[in-house]
Amino acid sequence: MAKSELQMSAADSLLRTFDIHSRITVYLLQNLDPQCWHAPTPDGKGRDIAGLVCHIHSVHCMWLKAAASATIPVALDKSTVTQGEAISALEQSATLLRTLVGEALSSGVRLKNFKPDAVAFVGYLIAHDSHHRGQISMLARQSGFPLAKTANFGLWEWGTR
């Protein structure tokens, strides 16, 4: 029998929140028009969408390495990575981060190389990735390939993702 909302521990709720957050990022990528993946930025500067996604994955890998995780996913090449490859890589790094956070929460030990605590670390990851999700959505629109309205609203459907 699944735990009811009231019986769920704060740690379980935090991990569920991180899982939803990770699925929202994947949902965004699944709903991008492939033509915008390498579209140039409006001013020709900064990262394109593929570069932003690779950056998110790189930050995940950086923290896994800093925390001395046994598994570090392969880096992505922003000039050749496909949307499918990026989605798979993000799912892998999110799973590893979830495990890392779960272990820290259950042991009460702070994550190596992250000062506050595991809860703050999840907040940091959500803030970081969400910032870049916003950039990705904006770049898709600016390059002429906006998200469909249903996908745009779907980014906020945390109860169904």
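Helix 1 (10-30) and helix 3 (83-107) each supply at least two residues to the lining of the largest pocket. Helices here are DSSP runs of H or I, at least four residues, numbered from the N terminus. This is a predicted model, where local features need pLDDT of at least 70, side-chain atom pairs count only at pLDDT 80 or more, and totals for linings use all residues. Residues are numbered from 1 along each chain, and side-chain values use heavy atoms, without hydrogens and water.

Helix 1 gives the largest share of that lining, six residues. Among the lining residues are Asp 19, His 21, Arg 23, His 60, Glu 91 and Asp 129. By class, the lining has three nonpolar, five polar and four charged residues. Asp, Glu, Lys and Arg count as charged; Ala, Val, Leu, Ile, Met, Phe, Trp, Tyr, Cys and Pro as nonpolar; the others, Gly among them, as polar. A pocket is an open set of points on a 1 Å grid where a 1.4 Å probe fits, with protein on both sides within 12 Å along at least five of seven lines; lining residues have an atom within 4 Å of a point. The volume of the largest pocket is about 210 Å³, taken as the space filled by probe spheres set on the points.

Helix 3 also packs against helix 4 (residues 118-142): their axes come within 9 Å and cross at roughly 155°. Axes are lines fitted to C-alpha atoms over the stretch in contact, with angles from 0 to 180 degrees between N-to-C directions. The two helices are therefore roughly antiparallel, a term for angles over 145 degrees.

Note on methods:
Parallel < 35°, antiparallel > 145°, perpendicular 65-115°, else oblique.
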